[in-house]
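Open your viewer, load the model, and get ready to click along. We will begin with the whole chain and then select one spot after another.

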Amino acid sequence: MRHQLLALLARQPAYGYELKQGLEQTFGAAYPQPNIGQIYVTLSRLEKSGLIRGTEVAQEGRPDKKVYEITEKGTEELAGWFEAPTEGPRVRDEFFMKLILAEGTDLADRLTLINNQRRHCINTMRGLNKLAATERGNRTSLLLIEGAVLHLQADLDWLERCQEELT
């Protein structure tokens, strides 16, 4: 959450609720809805780390609000985040651990595990396709959904390969 908030603050100063709306509008329904409490906790941590600074702004008839802006240190942190490669494929996959370690336990059958995982992937793809139908106007959300569907399709292909090799 910290880098997403820093990126929004690199565009312009904002207060917590504006940042929540910014994340929702940018990513749409495909992205887990940010919790406002989590946003304020993260903003507090970012401020204590010197990555952002907050300024109290008086409002008439309402409590003051705190508007945050990114600092030079925060800009450097964000640039480093953009520059660093993102975690690639997971070698330590929990499903694969189950699949391999199930043998000899008499607690799980490998083909059943593969079929359960396959069903899970297909159901998740169906849910994403329904979500895509509601997100037609949000290109960012559609790209996020498309990426998730492509990952799931790759998982389904990999499950076929596991079935060929292990059952």
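The tour goes from the overall fold to a handful of single residues.

**Before you click**

This is a predicted model, so local features need pLDDT of at least 70 and side-chain atom pairs count only at pLDDT 80 or more, while totals for chains, interfaces and linings use all residues. Residues are numbered from 1 along each chain as its sequence is written, and side-chain values use heavy atoms, with hydrogens and water left out.

**Stop 1: the whole chain**

Show the chain as a cartoon and you will find 7 helices and 2 strands. Helices (H or I, at least four residues) and strands (E, at least two) are DSSP runs, numbered from the N terminus. Follow the chain along its sequence and the order is α-α-α-β-β-α-α-α-α.

Along its principal axes, the C-alpha trace spans about 70 × 35 × 30 Å. The radius of gyration is 22 Å, whereas a compact globule of 167 residues would have one near 15 Å. That radius is taken over C-alpha atoms, and the globule rule is 2.2 Å times the number of residues to the power 0.38.

Of the 167 residues, 27% are buried. Here buried means under 20% relative accessible area, exposed means over 50%, and partly exposed is in between (1.4 Å probe, protein chains only).

**Stop 2: residues 5-79**

Select residues 5-79, which UniProt lists in an unreviewed entry as "domain: Transcription regulator PadR N-terminal". UniProt positions are given in the numbering used here, feature names are shortened, and annotations may be inferred rather than shown by experiment. This stretch is 53% helix and 23% strand, and its end C-alpha atoms are 13 Å apart.

Next, pick Val-57 in strand β1 (residues 52-59). Is Val-57 buried, exposed or partly exposed? Val-57 counts as partly exposed because its relative accessibility is 31%. Leaving aside residues up to four places away in sequence, Val-57 touches Asp-64, Lys-65 and Val-67. Touching is a contact, meaning heavy atoms within 4.5 Å. Then locate Tyr-15: it is 42 residues from Val-57 in sequence, and their C-alpha atoms are 9.9 Å apart.

**Stop 3: residues 91-166**

Move on to residues 91-166, listed by UniProt in an unreviewed entry as "domain: Transcription regulator PadR C-terminal". Over this range the chain is 80% helix and 0% strand, with the end C-alpha atoms 18 Å apart.

Click on Asp-106, in the loop between α5 (94-101) and α6. Asp-106 has a positive phi of about 60° although it is not a glycine. Asp-106 is exposed, because its relative accessible area is 78%.

Continue to Leu-113 in helix α6 (residues 110-134). With a relative accessible area of 17%, Leu-113 is buried. Apart from residues up to four places away in sequence, Leu-113 touches Phe-95, Lys-98, Leu-99, Ala-102 and Ala-108. Draw a distance line to Leu-99, which is 14 residues away along the chain, and the C-alpha separation is 6.8 Å.

**Stop 4: helix α7**

Finish at Leu-159 in helix α7 (residues 139-166). Its relative accessibility is 1%, so Leu-159 counts as buried. Which residues does Leu-159 touch, not counting those up to four places away in sequence? They are Phe-95, Ile-114, Gln-117, Arg-118 and Cys-121. Last, find Leu-144: Leu-159 and Leu-144 are 15 residues apart in sequence, and 23 Å apart from C-alpha to C-alpha.
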